[in-house]
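Dear colleague,

Please find below the structure that I am handing over to you. A short account of the findings follows it.

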Amino acid sequence: MIRHRAVANAPLSLQERPPGFVFREPAQNAPRDHKTSLLQCEDVSLLKLAKRYGTPLYVYSARTIRQRMAGFERAFGDFAHTVCYSVKANSNLGILRLLARQGCGFDVVSGGELKRVLTADRHAAKRVVFSGVGKTRHEMLAALKAGILLFNVESESELAALAECAAHLRSTAGVALRVNPDVAADTHPYISTGLHKHKFGVPIATAGSLYAKAARERYLKVAGVSVHIGSQITDVAPFGEAVSRIADLVRQLRSQGHSIDFIDAGGGLGIAYQNPETDFEDYASRYARVVTEPLRELNVHLLLEPGRAIVAPAGVLLTSVLYRKQNDGKRFLIVDAAMNDLIRPALYSAHHEIVPVSRTRRAANESGEIVDVVGPICESGDALARDRELPRVEEGELLAILDVGAYGMVLSSNYNTRPRPAEVLVSGKSVKLIRRRETIRDLLRGEP
Ligand code: LLP
């Protein structure tokens, strides 16, 4: 296994994300004017990618995704489990294919995501779980026809609709109820889900009667219980708490005669956007321990739905500085990426590290300047970073916004009629364009 450099005691630059994104130092004997280190993705210079594909540009490291996925898998060891990668985090077919090749299952929340998964791997259906509070009948029928593993049902009405669809096709639907464990997790209010005040799941206390209802339906097969308490949770304790409540419910349901084969523990494991974790496997193992501990005696198959933890550190967004600008005391870097390309800073006040792609030795030690990094969109909310200390960068230089492999491109929009960026996937020296840049013509198509 390849370990992060930090584990081998080398100081990890705050601004690098090994194993995918590290600065390549200039050779010792390089001429004085070439003493610039360049951020690269695996073996490829980001400067070259920007020249070839233009900016803004999403760049992903296949090695990072493979290693994180393998590390997550290993953390669960021989506990019977399937990792169902949460497609919503990054649904590009190139990424899904990469994960399918590693034997991954998938968590989908729409007919569109299901279609993506089946396009990436037409044999994946038996490893697919379908979550979400508002599945339409149309989507349920498609999932039944595909033969997915499990529906995570979130309400009594949805259960009735699923029973109807399954009866219509005379095909049995595997059902888990998503229960709301009423566990609080420390995260942004928009992405916390495990409390009664949230729209998700059914209260644990009423789950029993819904399971009884499901069991009476000829074309529903009660198969599991599912839970998801929120996203970007970096303290593992609440996951353990939620799973132990689920374990109690499983015992109760079994005593009532239901056969519960699966526990779906959802996703939500966060990443450290500001101080990247130096040993992902250790972190994933702590998570695996709290999740599996309450299930030891239960003889269940565990399903896991990580998204961010697998792909977030595998992506950067490259952007060019268009203009420098100073209004009174305030300095701005106006860049060619904007909130339509990456909405997390504007929507959640999320922090993403930003680094210049080229840095001279001198600049690396120099104290920088305090700037707002903003996009061209006509809203004051259109910022990628505020009051951020950066080394001085000039117009035309390239910046990399880090940790955008999850909830980056998938949340992008065409606001201000801005075509969305291209995406490339790097593996060693090889570069694959996995989505071409949109054109304005693409945007106008469909409007007669
Ligand atoms: N399973 C379910 C049922 C979910 O609702 C989610 C995320 C996941 C799995 C995957 O969670 P993850 O492992 O990626 O945390 N746009 C927000 C995140 C929204 C997450 C929604 N649900 C962000 O940019 O932070």
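Strands, as the word is used here, are DSSP runs of E with at least two residues, numbered from the N terminus. Please note also that the model is a predicted one.

On that basis, Lys 432 belongs to strand 22, which covers residues 430–435. Its side of the surface deserves a mention: Lys 432 gathers with Arg 66, Arg 97 and Arg 101 in a surface patch of positive charge. Lys 432 counts as exposed because its relative accessible area is 53%, and the cut-off for exposed is over 50%.

Strand 9 spans residues 173–180 and includes Arg 178.

I turn now to the cysteines. How many disulfides does the structure hold? The number is 0. For Cys 41, the closest cysteine sulfur is that of Cys 104, and the 20 Å between the two sulfurs is too far for a bond. Cys 104 is likewise in no disulfide, as its nearest cysteine sulfur, in Cys 84, is 7.2 Å away, whereas a disulfide requires sulfur atoms within 2.5 Å. Cys 41 is buried, with a relative accessible area of 0%, and Cys 104 is buried as well, also at 0%.

Yours sincerely

Methods: Residues numbered from 1 in each chain as written. Predicted model: local features only at pLDDT ≥ 70, side-chain atom pairs only at ≥ 80, totals over all residues. Heavy atoms only, no water. Patch = residues over 30% accessible without salt bridge, like charges linked within 9 Å, V, L, I, M, F, W, Y side chains within 5 Å. Areas by Shrake-Rupley, 256 points an atom, 1.4 Å probe, with all protein chains shown as cover. Salt bridge = Lys/Arg side-chain N within 4 Å of Asp/Glu carboxyl O. Lys, Arg positive; Asp, Glu negative; His and termini not counted. Charge placed at Lys NZ, Arg CZ, Asp CG, Glu CD. Helix = DSSP H or I, 4+ residues; strand = E, 2+ residues; numbered from the N terminus. Buried < 20%, exposed > 50% of the residue type's maximum accessible area, 1.4 Å probe, protein only.
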